[in-house]
Structures are given as structure tokens and as C-alpha cells.
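Please look over the model shown below. The report that follows covers its pockets, its cavity, a helix packing and some backbone features.

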Amino acid sequence: MLPIPALDPQATRALRQRMVMQQLVPREIRDPRVLLAMARVPRECFVPAHLADHAYDDSPLPIGAGQTISQPYMVAVMAELLSLTGTETVLEIGAGSGYSAAILAQLAQRVVTVERIPELLEQARRVWQALGLTNIEGMVGDGTLGAPERAPFAAISVTAGAPPEPPPSLIDQLLPGVGRMVIPAGSRGLQTLYLVHRDAEGQVSREGKLACIFVPLLGAEGWQEEFWGLIHPFFRTNT
Ligand code: SAH
């Protein structure tokens, strides 16, 4: 793991330890590396200043642009399901605040994360830099198409809610044999968190793990933009 002096600041260490003991351990987060990562990364750096007092609440929080930073428990579950050992390159879709990428960066060799809202990525980059997290590469783009120029990936984490069928481009970018992906998929308002595997023959299987609610994954292989979604019934075409 990286020696990162700016992580685990003394002032908020007790809050992180309490979060781990009250929110994660009783809900069966077991991987010691995940618990350690959650105990080190200062979540207050990733939330808007006026919400800093709520940084260790057991809930998602707004981060601007209509988006949210996920609940700590959800970040931990997704990280644990990926069974990272420290050697992987992980693709994340939906950098948002940059918090979950910072957690993954403790657990894998490298994180490539794609975000469609440039302002969010700019802010996330500033925080990663301040914390000395040098193994995260942020890219602006449509993450439903993955990151073909960096593929294939041993692990993919999708942090926005996908339609019932996960984007085929993401499945294609999973390394056959070892590739695994965590992805919330379902309706726009309620999803199931799936663990998807791609075997050596390229066969894809998935297990539903828990119910969850994420902001929608918008893009070419995701949901259409809200605006189009709203007018769609009135302007339906067959194209
Ligand atoms: N992982 C984030 C949670 C972000 S919420 C965190 O720890 O804070 C989901 C994010 O997915 C939002 O920032 C949203 O803008 C982004 N998103 C939605 N659709 C996307 C797409 N097609 N490509 C990239 N990012 C997308």
C-alpha cells in the first residue's frame, strides 16, 4: 500500500473509527483491507464545506450538480465485493466527489475513473492531489462506454444506477477469467447491486446482492438524459 502522510488526519480519526465500528462491522463488512481503507480516507474532504459535520453520517450526501456521495456502507460493500488484492487496475464509472475512487486507490494498484460532469471531476482531482493520491486517473466522458484506451480491467465499479441490462461495453472491457464488476441495475428509482463475473470463455454470470438507490447512469448505453426522458412520451419516434 502507498505511504500517504495526508491520509488519516488525527483530528477526524475517531469519527472514522466509529463509522467503521458502528456502520460497517455490524453489517458484515469483513475484509480487513476494506475496513482499514475506510478508516484512513478523510470523507470530510469530499463533501461540501457546509456538510462537513455530516461527513461520517450513515447516509449519502449531496455534492452539487444534482449528484451525491454514496453512503459509506455502500462504498465499503462495493469495494469488498470486488475482492481486490492490490495488483489490479480498477475502472470506476461515476467519480462524483472522488471518495469511492480514493477508497479503491488504497485497495488496488491503479484506479481509472470516468465522470460525465467536468466540474465534479475538477474538484475531485483537487482533493486527490491534496491527499497525495497519485494512482488515480480521472477522465471526463461517457462512462457507459468504459475506457477502451485503458481496457481490459480486472475490476469495474459502477457508482450510478444502470438500466436492467448493464452496458455491453463495460462487460466487453472485463478481463476474461478474472474480470468482475459491481453494478447497480434496475429501474431509474430502485436497483439491485449485482456482482458480475466474466469467465475464461467470456461467459457472463451475475448474482444479486442487495437493493440500493443510485442516481441514474446517463449515457449512450445507460439512461437517456432527464430532459429527453421527460418529453419522450410526447415526442416518441422510432429512430
Ligand atoms: N462514486 C461517487 C458517487 C457519485 S454519484 C462518490 O464517491 O462520490 C454518481 C456519479 O455518476 C455522478 O457524479 C454522475 O455525474 C456520474 N455519472 C452518471 N452517468 C455517468 C456516465 N455515463 N459516465 C460517467 N459518469 C456518470
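Which residues line the second largest pocket?

## The second largest pocket

This is a predicted model. The lining of the second largest pocket consists of Thr 12, Leu 15, Arg 18, Met 19, Gln 22, Gln 23, Glu 44, Ala 52, Asp 53, Ala 55, Tyr 56 and Asp 57. The space in this pocket is about 170 Å³.

Sorted by class, its lining has five nonpolar, three polar and four charged residues.

## The largest pocket

The largest pocket holds about 520 Å³ of space. Its lining counts 32 residues, and the closest to its centre are Thr 68, Thr 159, Ala 160, Phe 214 and Val 215. By class, 17 of the lining residues are nonpolar, twelve are polar and three are charged.

Which elements supply at least two residues each to this lining? They are strand E2 (67-69), helix H3 (72-81), helix H4 (99-107) and strand E4 (110-115). E2 gives the largest share, three residues.

## The cavity

How many cavities of 30 Å³ or more does a search of the whole structure find? The search finds one. The volume of the largest cavity is about 70 Å³.

Its lining is made up of Ser 70, Val 75, Met 78, Ala 79, Ser 100, Ile 103, Leu 104, Ser 157 and Thr 159. At least two of the lining residues come from H3, and at least two from H4. Five lining residues are nonpolar, four are polar and none is charged. Thr 159 lines this cavity and is also among the residues closest to the centre of the largest pocket.

## Helix H4

Is H4 mostly covered or mostly uncovered? H4 is mostly covered, with nine of its nine residues buried. The buried residues are Tyr 99, Ser 100, Ala 101, Ala 102, Ile 103, Leu 104, Ala 105, Gln 106 and Leu 107. Among them, Ser 100, Ile 103 and Leu 104 line the largest cavity. H4 also supplies at least two residues to the lining of the largest pocket.

## H1 against H3

Helix H1 (residues 10-24) packs with H3 at an angle of about 75 degrees. The two axes are 10 Å apart. H1 is therefore roughly perpendicular to H3.

H1 brings Met 19, Gln 23 and Leu 24 to the contact, and H3 brings Pro 72, Tyr 73 and Ala 76. By class, the contact has five nonpolar residues, one polar and no charged. Met 19 and Gln 23 also line the second largest pocket.

## A cis peptide bond at Pro 152

Most residues other than glycine have a negative phi, and most peptide bonds are trans. The bond that joins Ala 151 and Pro 152 is cis, with omega about 5 degrees. Where does Pro 152 lie? Pro 152 is in the loop between strand E5 (136-140) and strand E6 (155-158).

Pro 152 has a relative accessible area of 44%, so it counts as partly exposed. Apart from neighbours within four places in sequence, Pro 152 contacts Gln 173, Leu 174 and Leu 175. Tyr 73 is 79 residues from Pro 152 along the chain, and the C-alpha atoms of the two are separated by 28 Å.

Ala 65 is not a glycine, yet its phi is positive, near 55 degrees. Ala 65 sits in the loop between strand E1 (61-64) and E2. Its relative accessibility is 52%, over the 50% cut-off, so Ala 65 counts as exposed.

Ser 83 also is not a glycine and has a positive phi, about 45 degrees. Its place is the loop between H3 and strand E3 (89-93). Ser 83 is partly exposed, because its relative accessibility is 46%.

## Pro 166

Is Pro 166 buried or exposed? Pro 166 is buried, because its relative accessible area is 10%, where the cut-off is under 20%. Pro 166 belongs to the loop between E6 and helix H6 (168-172).

Leaving out neighbours within four places in sequence, Pro 166 is in contact with Met 181, Ile 183 and Arg 206. Thr 144 is 22 residues from Pro 166 along the chain, and their C-alpha atoms are separated by 8.7 Å.

How values were computed. Residues numbered from 1 in each chain as written. Predicted model: local features only at pLDDT ≥ 70, side-chain atom pairs only at ≥ 80, totals over all residues. Heavy atoms only, no water. 1 Å grid on protein atoms, 1.4 Å probe; cavity = no way out; pocket = protein on both sides within 12 Å on 5 of 7 lines; lining within 4 Å. Points joined across faces, edges and corners; volume = space filled by probe spheres on them. Helix = DSSP H or I, 4+ residues; strand = E, 2+ residues; numbered from the N terminus. Nonpolar A, V, L, I, M, F, W, Y, C, P; charged D, E, K, R; others polar. Buried < 20%, exposed > 50% of the residue type's maximum accessible area, 1.4 Å probe, protein only. Axes fitted to C-alpha atoms, helices over the stretch in contact; angles between N-to-C directions. Parallel < 35°, antiparallel > 145°, perpendicular 65-115°, else oblique. Contact = heavy atoms within 4.5 Å.
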